[in-house]
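I opened the notebook to record what I looked up in this structure.

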Amino acid sequence: MQRLKTAFFTFLCLFLATGHLQAATTLMPSAPQVSATSYLVMDADTGKVVLSDKADERFAPASLTKMMTSYIVEYELDKGNIGKDDLVLVSEKAWRTPGSRMFIKEGTQVKLDDLLKGIIIQSGNDASVAVAEHIAGSESAFADLMNQHSKLLGMENTHFANATGLPAEGHFSTANDLAILAKAIIQKFPEHYGIYSEKYYTYNQIRQPNRNKLLWRDHTVDGIKTGHTEEAGYCLVASAKRDGMRLISVVMGTNSEESRAQESQKILAYAFRYFRTHKLYGADELLNTAKVWGGLEDQVHLGLNEALAVTIPRGQADQLEATMDVDKVIKAPVIKGQEYGAVRVTLNGEDVVRVPLVAMENVSEGGILKKIWHAIMLFFMSLIS
């Protein structure tokens, strides 16, 4: 096993030099008491859950459902299947949908971009049904599409029956799954994410506020979605970014608008205070060079497909250790992106993360004489070992 010397110790030295590395571990109090049926805080960069309770239990998600509705709109926009200026015909069903609304009128045509804002900012049930019908032909067909995307994202305990979150049999999700969805919204479609932080939207001369009170109370909060039904209680998925660290919080089943805001603030404050995201290596960063047998080139560069970051308690950066396992024999042809080992990061001897170590370029096979010679060398090396 070889040590990742240069990159990792440079990282540690930077923390020492800037005073971020503490000699003693930061004391961490017990998690706060949270008045919610379910809650969670996740690091958006690493996917690490730092605080949770009943995060995998299924509950009615109310209008948090619309996160998937907007996600699919953004997905289809990104694929070029629809456009922001597309005109969407408002059906009678969309117009009659009860609950929170954008106040679109039956028989009119509304720009898709306006409907997306109506879904995210105004939580419009009418807008949600209109885009569902526009994209999939019907709301039920759109619900099938929602469930397909849920599976692709790894939302294992979620099932959608409609595009709005209005009460329906078999319509449920979890705090963990909704955090996964929020992470995808933030990371996959950053060009649309700014809508989630808009405080007001006016359509049909009706100005409505975003129901996420944290947008007014905390300048680091920039999303994402509220929800409420009698069955679900008051729910909120929020996201905030402070000092380069982005967190996602989920609270479900609180008893008021004020409570969902306060409980979200509480768990976000705790997580920001006692945890940090440490970015260790960048994507495509050279971490090692390994010998290639029988190749046109004698070496291959090894690195990571994606940037590597970890979430750990504050004050424990000096306890991080990174090691690297490289395949003993790497034979040509070598394929770029193929796994040839692993990077393992531990904290106090316990695994934090393990990620594939991959080839950063292709190495094709060498000539016949070189291949024969290397085969002979490998044979005798195997006898010695």
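**Ground rules.** I worked from a predicted model, in which local features need pLDDT of at least 70, side-chain atom pairs count only at pLDDT 80 or more, and totals for chains, interfaces and linings use all residues. I numbered residues from 1 along each chain as its sequence is written, and side-chain values use heavy atoms, with hydrogens and water left out.

**Largest pocket.** I looked up the volume of the largest pocket and noted about 630 Å³. A pocket here is an open set of points on a 1 Å grid over the protein atoms alone, where a 1.4 Å probe fits, with protein on both sides within 12 Å along at least five of seven lines; lining residues have an atom within 4 Å of a point. The volume is the space filled by probe spheres set on the points, which are joined across faces, edges and corners. I found 25 lining residues, of which Thr-46, Leu-308, Ala-309, Val-353 and Val-355 are the closest to the centre. I recorded 15 nonpolar, 3 polar and 7 charged residues in the lining. Strands E11 (275-281), E14 (308-313) and E17 (350-359) each supply at least two of the lining residues; strands are DSSP runs of at least two residues, numbered from the N terminus.

I then followed E17 to its partner E16, and counted 7 bridges in an antiparallel arrangement. In this pair, Arg-344 stands opposite Arg-354 of E17. The hairpin of E16 and E17 has 2 residues between the strands, and Asn-348 takes a positive phi near 55° there. E16 is also joined to E15 (residues 320-326) by 7 bridges, again antiparallel, and Val-326 has Gly-341 as its bridge partner.

**Thr-226.** I located Thr-226 in strand E8 (residues 221-229). Thr-226 is buried, with a relative accessible area of 4%.

Technical notes. Helix = DSSP H or I, 4+ residues; strand = E, 2+ residues; numbered from the N terminus. Nonpolar A, V, L, I, M, F, W, Y, C, P; charged D, E, K, R; others polar. Pairing = 2+ DSSP bridges. Buried < 20%, exposed > 50% of the residue type's maximum accessible area, 1.4 Å probe, protein only.
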